[in-house]
Amino acid sequence: MSKKIYYTTSEVSKILEIEASTIRFWEKEFPQISPKRSEGNHRLYTQNEIEQIKVIKYLLHEQKMKIEGAKILFEKNYDEIRKRQIITYKLRKVKKEISELRKTFKENVQIITTSEEQTEAIE
């Protein structure tokens, strides 16, 4: 993600892969998220607010918490939850990379096996 100062609701929506209406709803439920408004009255989110929305998404979508429970944890243990959320996403990324490497390895083994079989057939 580029290091802009402010992001619009649609930019945050694309970055986090959630609907803009969901972001606006969470803004009402979590007072810690209070974006500035542009002259045209558009919401402008900071990098910090985007990180907070990521944590909310983690609690609600990944941990399957209800809003009330997420509010309590968010307020009391934000830093700890943020650390867990970062670790979870990093582990998920590593798992995906390992899966892709495994697939590539299997494809390469298949190519080598096929090539050896063709070489033997020629001899």
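Reader: Which residue just after H1 takes a positive phi, and of about how many degrees?
Author: This is a predicted model. The residue just after H1 is Glu17. Its phi is positive, at about 55 degrees.

Reader: Which residues in H1 are buried?
Author: Helix H1 spans residues 9–16. Its buried residues are Thr9, Val12, Ser13 and Leu16.

Reader: What covers the buried residues of H1?
Author: The cover includes both strands and helices. The strands are E1 (7–8) and E3 (43–45). The helices are H2 and H3 (47–62).

Reader: How are H1 and H2 oriented to each other: roughly parallel or roughly perpendicular?
Author: Helix H2 spans residues 20–29. The axes of H1 and H2 come within 8 Å and cross at roughly 105 degrees. Angles of 65 to 115 degrees count as roughly perpendicular. The two helices are therefore roughly perpendicular.

Reader: Which residues meet where H1 contacts H2, and how many are nonpolar, polar and charged?
Author: From H1 come Thr9, Val12 and Ser13. From H2 come Ala20, Ile23 and Arg24. By class, the contact has three nonpolar residues, two polar and one charged.

Reader: Which strands are the edge strands of the sheet?
Author: Three strands form an open sheet with antiparallel pairing. Their order is E1-E3-E2. An edge strand here pairs on one side only. That picks out E1 and E2 (36–37).

Reader: How many bridges join E1 to E3, and which residue stands opposite Tyr7?
Author: E1 and E3 run antiparallel, joined by two bridges. Opposite Tyr7 stands a residue in E3, Tyr45.

Reader: At what angle to E3 does H3 run?
Author: H3 lies across two strands, E1 and E3. Its angle to E3 is about 85 degrees.

Reader: Is Gln85 buried or exposed?
Author: Gln85 lies in helix H4, residues 67–122. The cut-off for buried is under 20% relative accessible area. Gln85 has 1% relative accessibility, so Gln85 counts as buried.

Reader: Which residues does Gln85 touch?
Author: Leave out residues up to four places away in sequence. Gln85 then touches Lys54, Val55 and Tyr58.

Conventions:
Residues are numbered from 1 along each chain as its sequence is written. This is a predicted model: local features need pLDDT of at least 70, side-chain atom pairs count only at pLDDT 80 or more; totals for chains, interfaces and linings use all residues. Side-chain values use heavy atoms; hydrogens and water are left out. Axes are lines fitted to C-alpha atoms, for helices over the stretch in contact, and angles run from 0 to 180 degrees between N-to-C directions. Helices (H or I, at least four residues) and strands (E, at least two) are DSSP runs, numbered from the N terminus. Angles under 35 degrees count as roughly parallel, over 145 as roughly antiparallel, 65 to 115 as roughly perpendicular and the rest as oblique. Contact means heavy atoms within 4.5 Å. Ala, Val, Leu, Ile, Met, Phe, Trp, Tyr, Cys and Pro count as nonpolar, Asp, Glu, Lys and Arg as charged, and the others, Gly among them, as polar. Buried means under 20% relative accessible area, exposed over 50%, partly exposed in between (1.4 Å probe, protein chains only). Two strands pair if DSSP finds at least two bridges between them.
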